[in-house]
Amino acid sequence: MTGESNATTHFGFRDVPESEKAGMVHGVFTSVASKYDVMNDLMSMGIHRIWKDAMMDWLAPRPGQRLLDVAGGTGDVAFRFLGRARDTSAVVCDMTESMLIEGRQRAEAGAMAERLDWVVGDAMALPFADSSFDVYTISFGIRNVVRIDEALREAYRVLRPGGRLMVLEFSRIPNDLMQWAYDRYSFNVIPAMGQAVTGDRDSYQYLVESIRKFPDQETFATMIRAAGFGQVKYRNLTMGIAALHSGWKI
């Protein structure tokens, strides 16, 4: 017997039932929530901050826009967005409540409280009405979604006509030797670093494996177009270690 209930997906390099992946990802981020920002700085040597600034530069927030930041965790992207233009507002949506709690405790959250909401929700079934937002962002979160195509369709649904999707995610270096060297760093250093800082090697082993399972730049751009978006483009960051994908609801 076949059917959706028997469908499998990847959890890092393992195949698992689709019905179990969301709970497993939730467990990973619950485990690392309190050290998430520290580990991001250590793993990327602070470069993730430059990547998020590059996202804002390309996005160019305008006064009055409303942002939905999915898998927004501790609020990095939302804080940047709100700081770029007046009269903007943002909703940070994440399936892991402990990540949102960490975000609410940051100093920026207090200063921007009147313009910022925190919502527990699933990227594949967003708890928002159609055409509710001007901008949808997701940073280092789309690769953890069980069905990426469904998340992209949800992004299209909640955006207003003329709204913009922007995805920041790890990607592929278009040079085999450099990709090999980066993989050696990822698999040998990051899990050990996770063990030393958080006491949790397995979660960071999963995060490294999930990066390697994510589609390359062109494949992911095709998925965005299939969800209905137009003017789909991407930019490589740091030689392609990460990439920014942009699309419009036309």
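Reader: In this predicted model, is the crossing of α7 and α10 left-handed or right-handed?

Author: Good place to start! To judge handedness, look at which way the near helix is turned from the far one: clockwise makes the crossing right-handed. Here, α7 and α10 cross in the right-handed sense.

Reader: At what angle do α7 and α10 pack?

Author: Helix α7 (residues 148–158) packs on helix α10 (residues 217–226) at about 50 degrees, and their axes lie 9 Å apart. That angle makes α7 oblique to α10.

Reader: Which residues meet there?

Author: From α7 come Ile148, Asp149 and Leu152, and they meet Phe220, Met223 and Ile224 of α10. By class, this contact of α7 with α10 holds 5 nonpolar residues, no polar ones and 1 charged.

Reader: Now α3 and α4, please. How far apart are their axes?

Author: The axes of α3 and α4 are 10 Å apart, with a packing angle of about 45 degrees. The two helices are therefore oblique to each other, and their crossing is right-handed. The contact of α3 with α4 has 5 nonpolar, 1 polar and 7 charged residues.

Reader: And the largest nonpolar core: which residues touch the most other members?

Author: A core is a set of buried nonpolar residues joined through their side chains. The largest one here has 30 residues, and Trp51, Leu116 and Leu168 touch the most other members. Elements giving two or more residues to this core include α3, α4 and β5. Leu116 touches Ala78, Phe79, Leu82, Ala90, Val92 and Ala109, leaving out residues up to four places away in sequence. There is also a second, separate core of 29 residues, with Leu68, Leu126, Ile142 and Leu159 among them.

Note on methods. Residues numbered from 1 in each chain as written. Predicted model: local features only at pLDDT ≥ 70, side-chain atom pairs only at ≥ 80, totals over all residues. Heavy atoms only, no water. Axes fitted to C-alpha atoms, helices over the stretch in contact; angles between N-to-C directions. Helix = DSSP H or I, 4+ residues; strand = E, 2+ residues; numbered from the N terminus. Parallel < 35°, antiparallel > 145°, perpendicular 65-115°, else oblique. Contact = heavy atoms within 4.5 Å. Nonpolar A, V, L, I, M, F, W, Y, C, P; charged D, E, K, R; others polar. Core = buried A, V, L, I, M, F, W, Y, C linked by side-chain atoms within 4.5 Å. Buried < 20%, exposed > 50% of the residue type's maximum accessible area, 1.4 Å probe, protein only.
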